[in-house]
Amino acid sequence: MHAVVLTGPGPVENLRIQELPIPEPRPGWVRIEVKAFGLNRSDHHMRAGLAEGVQYPIVPGLEAAGVVDAAPGSDLRPGQRVAALMGGMGRAYNGGHAEYTVVPRSSVVPFRSSLPWEVVGAVPETLQTAHGSLTTGLDLRAGQSLLIRGGTSALGFAAAALARDLGATVLATTRQPDRLDALASHGVDHPLLDDGSIAHEVRRLQPDGVDAALELVGTPTLPDTLRATRVHGTVCFAGMLSDQWIVHDFYPIAYIPRGVRLTSYSGGSADLPAPVLQRFLDLIGDGALTLGPLHTYPMEQIHDAHRAVETNTVSGKVVVLTPSGRGRAGRKR
């Protein structure tokens, strides 16, 4: 099979497409013929050497979508459509950047859908994080207001879609003026141009501050996001588009406004129940919901795909298609 191998932390050139043996699943593990895999900011962090506990060389990729190829000792059957995410993928063992991957059954979420693979490939980890951030991280309710800091990221678009589906009023930011229309067309009620200080504009729209805020940029904008949130409102830290996630010289009383709650969210496959994945795939299929713009690349252009994520030159989700995901025969032997 073909697989993308990361030879060591560093530039995108350290990602090399190589021929590897197709892995054999042991009982309780599932071999998936990968059709598509999404790229996430954490894939950039891992490739750049910002993740801990990674042994090189390794096939990266913390998510994949495809069909079951073999599942010894499992309830899954060959040909079944599945998503796989987290659980050590691409870090503790080879991940989803390959034509075949082997993962624990606990990391696999089955689904039924005839959506194109590039659409399905955009969903698993982005939906898991957006769903978990809005529920566990923020406990967002219908009728509340939500600020998304970093709205034109894949996670930002997904969170906006889920919040609107819930019945919330959505404010979302972008640093690029030409992306404001994309936020508006995606259903954001109040697109905001982010110059680093948007709390005053948020409070012009929501005088008491927003009920909830999702921080996806990182620690550079977190204090301003906290200032945009009402007393007894909640800010959830769930993303690091800035690649900065440490608050230096943290003094909570001075840093966190009085009465504002600060939480965080990170999750895994167990936080994406199969009914949640199925419901949102159905909504996408019915045209009732979109998780935002998609940018697809063939696996042979893995360098270009990673550069797009690293440099934030595209909005929305980057998805990579394997040869079989593009309708070409795989290389199984």
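This is a predicted model: local features need pLDDT of at least 70, side-chain atom pairs count only at pLDDT 80 or more; totals for chains, interfaces and linings use all residues.
## Helix 9

Helix 9 runs over residues 274–285 and has 12 residues. From its first C-alpha to its last it reaches 16 Å, close to the 16 Å expected at 1.5 Å a residue. Just after helix 9 comes Gly287, which takes a positive phi of about 80 degrees.

The buried residues of this helix are Val276, Leu277, Gln278, Phe280, Leu281, Leu283 and Ile284. Their cover includes two strands, strand 5 (81–85) and strand 7 (108–110). It also includes helix 2 (117–120), helix 3 (124–137) and helix 4 (154–166).

Most residues other than glycine have a negative phi, and most peptide bonds are trans. The positions below depart from one or the other of these patterns.

Tyr56 and Pro57 are joined by a cis peptide bond, with omega at about -5 degrees. Pro57 sits in the loop between helix 1 (41–48) and strand 4 (63–70).

Asp243 is a residue other than glycine with a positive phi, near 65 degrees. Its place is in the loop between strand 12 (229–237) and helix 8 (252–255). Asp249 also lies in the loop between strand 12 and helix 8, and its phi is positive too, near 50 degrees. As for accessibility, Asp243 has a relative accessible area of 27% and is therefore partly exposed. Asp249 has a relative accessible area of 78%, so this residue counts as exposed.

## A buried loop residue

Ser315 belongs to the loop between helix 10 (302–311) and strand 15 (317–321). With a relative accessible area of 12%, Ser315 is buried, because the cut-off for that term is under 20%.

Leaving aside neighbours within four places in sequence, Ser315 is in contact with Thr152, Phe157, Arg179, Pro293 and His295.

## Salt bridges

The count of salt bridges in the model comes to 18. One of them joins the side chains of Lys35 and Glu33, at 3.7 Å from N to O. Lys35 and Glu33 are both buried.

Asp304 is partly exposed, with a relative accessible area of 37%. Arg307 is likewise partly exposed, with a relative accessible area of 33%.

Methods: Residues are numbered from 1 along each chain as its sequence is written. Side-chain values use heavy atoms; hydrogens and water are left out. Helices (H or I, at least four residues) and strands (E, at least two) are DSSP runs, numbered from the N terminus. The expected span of a helix is 1.5 Å times one less than its number of residues. Buried means under 20% relative accessible area, exposed over 50%, partly exposed in between (1.4 Å probe, protein chains only). Contact means heavy atoms within 4.5 Å. A salt bridge is a side-chain nitrogen of Lys or Arg within 4 Å of a carboxyl oxygen of Asp or Glu.
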